[in-house]
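Here's a quick briefing to read alongside the model. Have the sequence and the 3D view open as you go.

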Amino acid sequence: MSSPKPSTIRVGRRYRANRLEGPYDAIVIGSGIGGLTAAACLSKMGKKVVVFEQHYTAGGFTHSYDRNGYEWDVGVHYIGDMGADHTLGKRLFDYITDGQLHWAPMDDHYDRIFLGGRHVDLVAGPDNFKAELNKEFPGEEAAIDTYLDYLRTVSKAMPGLVLGKVLPDIASGPLRKLVNKAAPDYLNKPTREVLESLTDNQELIAVLTGQWGDNGLPPAESSFIIHALIARHYLYGGYYPIGGASEMAKTIIPVVQESGGEVFTYADVKEILIEKDKAVGVRMADGAEVRAPLVISNAGVFNTFGPLLPDSAKEKPYYLDKLQTVQRSMASNCLYIGLKDTAENLQLPKTNYWIYPGADYEKHLADFMADPANTDIPLTYISFPSAKDPSFAERYPGRATIEIVAPGPYEWYADWADKPWGKRGEEYEAEKEAYAQRLLAKLYEKFPHLEGKVDYYELSTPLSTDYFCRYTKGEIYGLNHTPDRFEQDWLKPKTRIPGLYLTGQDVMTCGVVGAMIGGLLTTIAVSGFKGLPLAKKMFVG
């Protein structure tokens with residue numbers, strides 16, 4: 001079996017020690033959207049920032065790759081809130097790309113939730129959303145109204161939580177008390193508990209939580225905060241970047257370069273340099289030491305306080321202890337499919353399909369984890385990027401793509417973890433093939449006319465996630481969004497090590513916009529009073 005060819009989509013500049021043009025004002029470890037956002041915001045303040053990415057292309061989970069004449073995105077399946085210029089997400093994207101990133105709306109019916117044989121659509125716009133649910137669940141109008149009120153209330157409580165992440169400790173204590181006073185008591189309760197206080201209709205609860213794959217935790221385990229943020233984020237519909245996911249890094253990098261900065265790929269950071277208890281730079285895999293007064297890690301808390309922080313750092317035991325209070329999020333398999341025809345001819349929808357065996361998400365998940373081979377897949381998400389991106393047909397004439405995401409625990413593949421990418425052997429490939437066939441069966445069940453049309457497919461596993469994005473257990477959302485996670489006051493940009501800051505999805509929440517807000521918060525935390533105009537511009541407008 002021949003090894004797959006690496007992708008030709010390369011964004012960023014290949015690292016060589018002699019290409020460094022220091023001194024730099026800041027170093028960012030990792031070019032995920034949180035790191036790129038922090039780098040671009042600092043660049044706009046006149047700072048010279050260098051971003052180091054170990055992968056061959058920049059963007060983290062927002063990168064794209066191509067193979068066999070097809071292109072797929074690895075994580076940007078859809079983004080909410082891009083239809084109006086006044087939303088925080090849209091304002092932030094416009095700011096860090098100088099308005100160069102453009103968006104295409106999906107279908108008004110942006111998510112279709114299948115519960116066994118029944119399906120219910122989530123429809124764009126609060127009124128349409130409500131009307132559709134009222135039609136599907138007569139007699140539940142009061143619960144649906146209250147639910148939408150709850151989403152609004154959580155949204156109003158967020159600025160206080162966000163502010164608590166960037167204020168100095170002396171001020172964030174009293175603020176936390178104020179926030180807790182103003183916040184509703186359901187804010188950080190488990191999602192299922194909150195919804196069961198509104199209705200006992202389990203199918204309605206299942207539809208309202210039908211996007212749980214967007215944070216990786218079933219409703220009994222997730223905090224209502226993350227549920228409400230995601231549900232509200234898509235309330236006005238889903239959007240897709242025109243030109244594909246790699247346009248994100250492509251349009252942000254020039255902004256980083258405007259102040260003399262650069263985004264390097266193949267740039268593997270091995271260690272954060274600590275001198276006199278301060279972060280003073282990083283050591284690269286080639287031994288080069290790059291120094292800067294600010295080190296911003298977008299590598300996630302497990303990487304930052306694990307392998308990257310030297311054992312001699314005096315705060316290391318404190319952080320290793322803190323890592324016991326959070327868990328890694330779910331790992332997944334993704335099937336990337338190529339078809340030799342256009343999305344239009346194949347009638348591929350601009351709607352995401354969420355396929356569940358039934359309404360009892362927790363039970364289906366537990367049964368599957370106990371006996372994966374003989375149990376129905378508990379969550380199958382199908383996305384049609386070539387239908388969502390209006391530029392796809394001109395970039396790849398006569399071609400279309402589909403992506404299917406489903407749970408895939410790291411443990412299934414752990415035996416092959418020490419083997420190199422593309423050379424993990426026949427047994428590994430056979431495991432992948434068996435799961436790929438199950439996912440294709442899910443696709444053909446909903447789209448029988450696609451059978452016989454698939455030209456190419458390949459399955460990624462948690463080992464791929466680790467290889468390309470350095471999430472050791474294949475976790476795609478950083479940390480689990482449990483109520484407990486939102487009580488951890490150490491998850492914020494400023495660390496206890498002077499000069500070392502965190503950014504990305506572990507700071508605030510997962511998702512492209514969640515990680516971007518992490519990047520914005522890091523910029524504000526690093527800049528102190530100088531960051532106030534930016535904070536006002538983004539949060540207030």
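Helix H12 (residues 361-370) is the top contributor to the lining of the second largest pocket, giving three residues. This is a predicted model, so keep its thresholds in mind: local features need pLDDT of at least 70, side-chain atom pairs count only at pLDDT 80 or more, and totals for chains, interfaces and linings use all residues. Residues are numbered from 1 along each chain as its sequence is written, and side-chain values use heavy atoms, with hydrogens and water left out. Helices (H or I, at least four residues) and strands (E, at least two) are DSSP runs, numbered from the N terminus.

**Pocket and cavities**

- The second largest pocket holds about 350 Å³ of space. Its lining takes in 20 residues, and Ser-329, Met-330, Ala-331, Met-369 and Pro-409 are the closest to its centre.
- On a 1 Å grid over the protein atoms alone, a pocket is an open set of points with protein on both sides within 12 Å along at least five of seven lines, while a cavity is a set where a 1.4 Å probe fits but cannot get out; lining residues have an atom within 4 Å of a point.
- Points are joined across faces, edges and corners, and a volume is the space filled by probe spheres set on them.
- The cavity count is four at 30 Å³ or more, and the largest cavity has about 80 Å³ of space.
- That largest cavity has 14 lining residues, with Thr-209, Gln-211, Trp-212, Asn-215 and His-227 nearest its centre. Helix H8 (residues 224-233) supplies the largest share of this lining, three residues.

**The six-stranded sheet**

- Six strands make an open sheet with parallel pairing, in the order S1-S11-S3-S2-S15-S21. Strands S1 (13-14) and S21 (500-502) are at the edges with a single partner strand each, so one side of each has no neighbour in the sheet.
- Strands pair here if DSSP finds at least two bridges between them. S1 and S11 (residues 262-265) run parallel and are joined by two bridges; Arg-14 has Thr-265 as its bridge partner in S11.
- Helix H9 (residues 247-257) lies across S3 (49-52) and S11, at about 125° to S11. Helix H17 (residues 512-527) lies across S15 (295-297) and S21, at about 155° to S21.
- For those angles, axes are lines fitted to C-alpha atoms, for helices over the stretch in contact (heavy atoms within 4.5 Å), and angles run from 0 to 180 degrees between N-to-C directions.

**The three-stranded sheet**

- An open antiparallel sheet has the order S12-S13-S14. S12 (269-275) and S14 (289-291) are its edge strands, each pairing on one side only, and the twist averages 30° from one strand to the next.
- Three bridges connect S13 (residues 278-284) with S14, and Val-282 has Val-290 as its bridge partner in S14.

**Rings and charges**

- There are 31 aromatic pairs in the structure. One cluster linked by ring pairs holds Phe-368, Trp-412, Tyr-413, Trp-416, Tyr-428 and Tyr-435.
- Rings of Phe, Tyr and Trp (its six-membered ring) pair if their centres lie within 6.5 Å.
- The charged end of Arg-10 sits over the ring of Tyr-56, 4.0 Å from its centre. The cut-offs are CZ of Arg, or NZ of Lys, within 6 Å of the ring centre and within 35 degrees of the ring normal.

- The peptide bond from Gly-22 to Pro-23 is cis, with omega near 0°; Pro-23 is in the loop between S1 and S2 (26-29).
- Asp-98, a residue other than glycine, has a positive phi near 55°.

Conventions: Phe/Tyr/Trp six-rings, centres within 6.5 Å; stacked < 30°, edge-to-face > 60°.
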